[in-house]
Amino acid sequence: MTRELYLKELDTLKTDVVRMATMAGEAIHGAVEALRDRDIARADRIIAEDDKIDALHMDLENRCMRLLATQQPMASDLRAIASVLAITIDLERMADHAEGISKAAKRLADQPLLKPLIDIPRMEELVQQMLREAMDAFLRRDPDLAEAMTKKDDEIDGLRSQVFRELLTYMLSDPKTTPRALELLLVAQHLERAADHITNIGERVIYMVTGELRELNV
Amino acid sequence: MQVERVEPNSGLASRAIIDHAGGIEARRVHAWFDGHHVLQGISLKVAARQVTAIIGPSGCGKSTFLRCLNRMHELIPRASASGQVLLDGRDVYMPGIDPVLVRRRIGMVFQKPNPFPTMSVYDNVAAGLRLAGERDRRTLDKVVERSLRAAALWEEVKDRLSKPGTSLSGGQQQRLCIARALAVSPEVLLMDEPCSALDPAATLRIEELARALARQITIVIVTHNMQQAARVSDITGFFLNGELIEVGVTDEIFTRPRDHRTEDYITGRFG
């Protein structure tokens, strides 16, 4: 591979990370919509689409390994490739959470919703905002944005606790609601974990740009 | 690999690989070739018993710097140098200092293995000691064996010590040259692209050897191969156009250099 192709491949890697992030974000959005609309067909499509995200993850990992082996990248190039390797793992896990939400949506599809969904869509919206800002920070090499974005994780954690408290009242007042309440709690848990993965992405963006590896939002 | 450690006060037999404490320090070293100012005031403190790598594009002055450290630069016609090189706190350029003694204390290994062509393996290693007046056969035997062991070559050549040095493979010849340099018990070993003529397996052996030797002596290695610098050295200095741009812990230099010129060079943006 010539130097020119190497630099081009570095750029393509970054573009594909954003493509993978878009796919993972759309999967989470679709999964929450499938839950809201009790749409089994849509949930099935999201579960099936997960294979495509897994395939892109493998492809990106292979390309990173090939660059490491054949180009011996150093300094900022090395950090960029190491960050891509780490970020794609987080994106792949996010897509797994979308799959988890879709499975919960299927289990709840033939039952009436326990309550109107308010906090869960709000959590999902915050996850999407975080993901967009994480990718902006990644492409613009902006460590400040990467760090600022992770503050939303606290808000998501707060919403998850709120969902838990609310569902607890349903379960205590009518134990028959417990299976449905637990499914919704699981969904909130998936969204909260997705936000944690985006926080990890923020850490990797900061490392990629500055060389400083530190935990955010601990 | 384990390098044998010997007592410094046990006579000539112990002259190979004495444990030296001192490092070497360049202060404002300038060098000229034919009026060209090729080194522009290099100051660099080389830590004792560490491997320091010097990297930089061709013509940046790294080999010249190495040759200034042991006064080999002045052997080149129309070349000159100024500044100080301190070994144990004393300037090797001070009037009255014998450059031959300096080169004994600061040994050198070159790009191409250069065993003395007419000499056997044994005589190559013993040459420096003989030049220093050592004639006792048993002493020479001990030093030759110790030096060849230190250079990780003994097992391969112990049964053919009388064969010509040039009959060895490229990698073995380079280790023979290292053994020859070690025989006179240097405090510092300068290695000027010592692996550029070697295959990957021989390169790896020289790198392992450099790491092992650094337990007892100070090593400065000039290399074009950045992976080699990253693998072998504790400290790395980046030279550009006769200047030392940046020096630091090797891990840092190769993962997050401070100067953008270092970054550009090691990521292949230029050079």
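1. In which sense do strand β3 and strand β9 of chain B pair, and over how many bridges? Strand β3 (residues 51–55) and strand β9 (residues 235–240) of chain B pair in the parallel sense over four bridges; two strands count as paired if DSSP finds at least two bridges between them. The bridge partner of B:I55 in β9(B) is B:F238.

2. A word on the basis of these points. This is a predicted model, in which local features need pLDDT of at least 70 and side-chain atom pairs count only at pLDDT 80 or more, while totals for chains, interfaces and linings use all residues. Residues are numbered from 1 along each chain as its sequence is written, and chains are lettered from A and ligands numbered from 1 in the order in which they are written. Helices (H or I, at least four residues) and strands (E, at least two) are DSSP runs, numbered from the N terminus.

3. The pairing of β3 with β9 belongs to an open sheet of six strands in chain B, with the order β6-β7-β8-β3-β9-β10 and mixed pairing. Strands β6 (106–109) and β10 (243–249) of chain B stand at the edges with a single partner strand each, so one side of each has no neighbour in the sheet. On average, neighbouring strands of this sheet are turned by 20° against each other, direction ignored.

4. Two helices of chain B pack on this sheet. Helix α1 (residues 62–69) touches β3, β6, β7 (188–192), β8 (218–222) and β9 of chain B, contact meaning that C-beta atoms, placed from the backbone, lie within 7 Å. Helix α7 (residues 200–213) of chain B touches β3, β7 and β8. The direction of α1(B) makes about 150° with that of β8(B), and the direction of α7(B) also makes about 150° with that of β8(B). Axes are lines fitted to C-alpha atoms, for helices over the stretch in contact, and angles run from 0 to 180 degrees between N-to-C directions.

5. Helix α1(B) is mostly covered, with eight of its eight residues buried; a residue is buried if 20 or more other C-beta atoms, placed from the backbone, lie within 10 Å of its own. Among the buried residues are B:K62 and B:R67. B:R71, which follows α1(B), has a positive phi near 60°.

6. Chain A has seven helices and zero strands. Its helix α1 (residues 3–37) packs against helix α4 (residues 119–140) of chain A at about 175°, with axes 11 Å apart. The two helices, α1(A) and α4(A), are therefore roughly antiparallel, the term for angles over 145 degrees. Residues of α1(A) in this contact include A:V17, A:A21 and A:I28, and those of α4(A) include A:V127, A:L131 and A:F138. By class, the contact has 12 nonpolar, three polar and three charged residues. Here Ala, Val, Leu, Ile, Met, Phe, Trp, Tyr, Cys and Pro count as nonpolar, Asp, Glu, Lys and Arg as charged, and the others, Gly among them, as polar.

7. Between the chains, 10 residues of chain B are in contact with 10 residues of chain A. On the side of chain B, α8 (226–232), α9 (250–255) and α10 (260–266) each give two or more residues. The residues on that side divide into four nonpolar, four polar and two charged.

8. As to overall burial, 41% of the 218 residues of chain A count as buried, and 48% of the 271 residues of chain B.

Key
Parallel < 35°, antiparallel > 145°, perpendicular 65-115°, else oblique. Buried ≥ 20, exposed ≤ 12 C-beta atoms within 10 Å, placed from the backbone.
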